[in-house]
Amino acid sequence: MDKLEQNLNNSSANNDIVLPSPHWHVIQRYKWRVLIVAVLVSICTAFYLSNESPLYRASATLLIEADQVQAVAFDSVQGLDSNRKEYYLTQFEILKSYSIAETVYDRLNLQQQPSFQKSESWKDMVVTYLMEATPLFNYFVMDDNVDSEFSENIGAGYINGVPQVGSEISTEELQSQTQKRARLRQFSKSLIVTPIRKTQLVKLSYDSEDPALAAMIANAVGEAFIAQDLAVKSSINKNAAHWLRARLEDLRTSLDASESRLQVYRKEQNIIDLQDRGGRGLTGLVSNELEQTSRQLLDAKNEVNQLRSIVRAVEEFGIKDMNKLESIPEITSHPVIQNIKTLKVKAKLKVSELSQIYGRKHPDLIAAKSELYTINRHLTTQISKLVTGINRDLKTKQSNVAALEREYSKIQGQFQDVIGKDNEYQKLVRDVESNRKLFNTFLERSKETALTSDFNAAVARFTDRAHTPSKPITLSTKILVLIAFVLSIILHITYLLVKEYFTDNFNSVGDIETKLGLPVLGVLPKIARKRNQDLDLHYFFDEEGRQFSESIRTLRTSFLLAQGQQVNQVIGIISSQPNEGKSTTATNIAFSLAQIEKTILIDADMRKPSLASNFNIPKDKPGLAQLIRGEANLSDCITVDKASGTHIMTCGPTPKNAQELLSSKRFKLLMENLRQSYDRIVIDTPPIQAVSDSLIISLHTDAIIYVIKSEETRVRLVQNGVRRLAKVDANLVGIVMNHVNTDGVADSDYYYGYYSDDEYAEKPAKS
């Protein structure tokens, strides 16, 4: 058990982790098919290339200008911004456009060239038909190199490249247009426009059978592109100049009308000078007058308020109390009073100074005191006059405030009237200024356009012109055929190896040894027969079955040699699932052993027995099940096959408790008795994945042979079955690969290399 399970685990680990080396048996098996396919591909390639001429490629290089030269800069008229990425992409698409292709086609008269007189290939015709018939197909199939304008021209009046001019087109014209479209598709297919990365250069290449024509077309495409751009710019400039002139006349009329309306309004409103120094227009003068009157009114009101406060203070203190009147701030702050007080202070200071120098009766001191007395009297007189004149001034100021208020209200009314006139006037002025600005702008642009309409810088220029190529770009026919031959072989072998590696079944003996780590006892060939027809029971003895019988004998020999000194008397035949040839293998192994030893074949598949029907034994005849239950004798359950001499024990009527019968002691005793009577006991067991009966039977066997159906039995199923047998210590001696296609067996398969040789094949025994 340990050795069997270790081999299985090692093979599984190697298969899961390490990629297997190339399976040369796969190449041996399919070598003729690979060779035939490669030869057919080479013949088809040679036939296809026989009608193809070598292609020559001529290339020219254009520099697309980013900053185009202009006599006067007015980019808004031209259109695209040349500094944007979309500008270059647009130029590349224009180079591949239908209009450029048609221009070059007509200019060079390409319809007369032999290379353009060939009919379209069937592939191009089918694609064209599908594109015209199915728009959705056109969306998915359209090649990037073929401009979509082949289906719809950019010019007005074209539908699918055919001009629609109102009247119906004749059949000849329609056929001519269709033929031209086919030629233009051919032209565009051969034209290659390649932007050079991180530069403003674009490479124009054309492939043709005629090298001179290839160079001519590459140069002509660049020239047509430059000429078309100049023509478009010239047309744009002329249209712009015409449009500017028309607009200029309209703007001049609008400007004259607006100026007339402004002049009429001035006369009606007697407006002479509208702008004062403050820049406030018609409202400036009235606004200044209103502002001045407002200031005067405010000053007058302040004076009235000041006089009122003095009157209130005088009324409070009385007229006779000069000391209190003198303390009133409004009186004290009066300029006259301030001057008198200043004189009084000086007089007091003089008296004080003289009193310190002279006596009381000194004339200077008396004069100084007399001056101080006079000043005090004058101060009292002035305060009395000021108090007396305050009421009179208050009435005068109040009358002045009333007059200013009336004047202010009058000016306010005039200001509202002037504002309305000024708004209307400003509206007319803005209209004139706006029309004058537009007129001046269009006048300037019109003059620029008129001066530069006949000057246009080219959008591109040639840095390198195309020259006639000397060598073709296509390889020679012999090299291409050789490449096709080698490539087809490599791809075919790669496909077979990949399929072999990822296929979860057994396709060769190498697969069994690699994935299971078990020896292969024999390979049973696939026998050609009609569909749903079983192999003849005694095909082992048939003259036509010499190859099959020889493979059975080789299997017998391998089994006998594998047992060594130990005699494997009881042999169990196991498979993973039904219909893998287990019963057929068991039957023919029993036939081969019966030729040299006394052999019995037992049908232990009590779930789905098959030996009774194969040997035409009545189903109600007692068999293994009845013998285990003790319902029949051994002699009643055995049938001798006359053709092979093999003893046959069928299952008998199918029991319901098959597993209990096989696990009983009576089955063990039966096997011991049969060991005494027979040299070899071959047991056809149930499939190991279906039920556990085969594991129970393996406990009573000396050797187990595992049957695998080539290219159908799954690897994981067999690995699982082998593990289950290892757990019960079954002696799995080897694998039989059944239903093998002998055409794919390699000469290196030592156990099968000579099966088909009639001289070495053993003649079947005559019954």
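Which helix or strand supplies the largest share of the lining of the second largest pocket? In this predicted model, that share belongs to helix 18, from which six residues of the lining come. The setting of helix 18 is described below, beginning with the sheet across which the helix lies.

Eight strands form an open sheet with mixed pairing, and their order across the sheet is 7-14-13-8-12-9-11-10. The edges are taken by strand 7 (520–525) and strand 10 (638–640), each of which has a single partner strand, so that one side of each is left without a neighbour in the sheet. From one strand to the next, the twist averages 25°. Strand 7 runs parallel to strand 14 (residues 732–740), and four bridges join the two; within this pairing, valine 523 has methionine 737 of strand 14 as its bridge partner.

Two helices are placed against this sheet. Helix 18 (residues 582–594) lies across strand 7, strand 8 (570–575), strand 9 (599–603), strand 12 (680–684), strand 13 (703–709) and strand 14, and its direction makes an angle of about 170° with strand 12. Helix 25 (residues 715–727) also packs on the sheet, where it touches strand 8, strand 13 and strand 14, and its direction is at about 170° to that of strand 13.

The second largest pocket has a volume of about 1,100 Å³. Its lining consists of 40 residues, and those that lie nearest the centre of the pocket are Asp534, Asn579, Gly581, Ser583 and Thr584. At least two residues of the lining are supplied by each of strand 7, helix 18, helix 19 (611–614) and strand 14, so named elements of the sheet, strand 7 and strand 14 among them, take part in the lining. Divided by class, the lining has 16 polar residues, together with twelve nonpolar and twelve charged ones.

A further packing arrangement is found between helix 5 (residues 98–107) and helix 8 (residues 171–190), whose axes are 10 Å apart and meet at an angle of about 105°. Because angles of 65 to 115 degrees count as roughly perpendicular, helix 5 is described as roughly perpendicular to helix 8. On the side of helix 5, the contact is made by Tyr98, Ala101, Glu102, Val104, Tyr105 and Asp106, while helix 8 contributes Lys180, Arg183, Leu184 and Phe187. Six of the residues in this contact are nonpolar and four are charged, with no polar residue taking part.

Key: Residues numbered from 1 in each chain as written. Predicted model: local features only at pLDDT ≥ 70, side-chain atom pairs only at ≥ 80, totals over all residues. Heavy atoms only, no water. Pairing = 2+ DSSP bridges. Axes fitted to C-alpha atoms, helices over the stretch in contact; angles between N-to-C directions. Contact = heavy atoms within 4.5 Å. 1 Å grid on protein atoms, 1.4 Å probe; cavity = no way out; pocket = protein on both sides within 12 Å on 5 of 7 lines; lining within 4 Å. Points joined across faces, edges and corners; volume = space filled by probe spheres on them. Nonpolar A, V, L, I, M, F, W, Y, C, P; charged D, E, K, R; others polar. Parallel < 35°, antiparallel > 145°, perpendicular 65-115°, else oblique.
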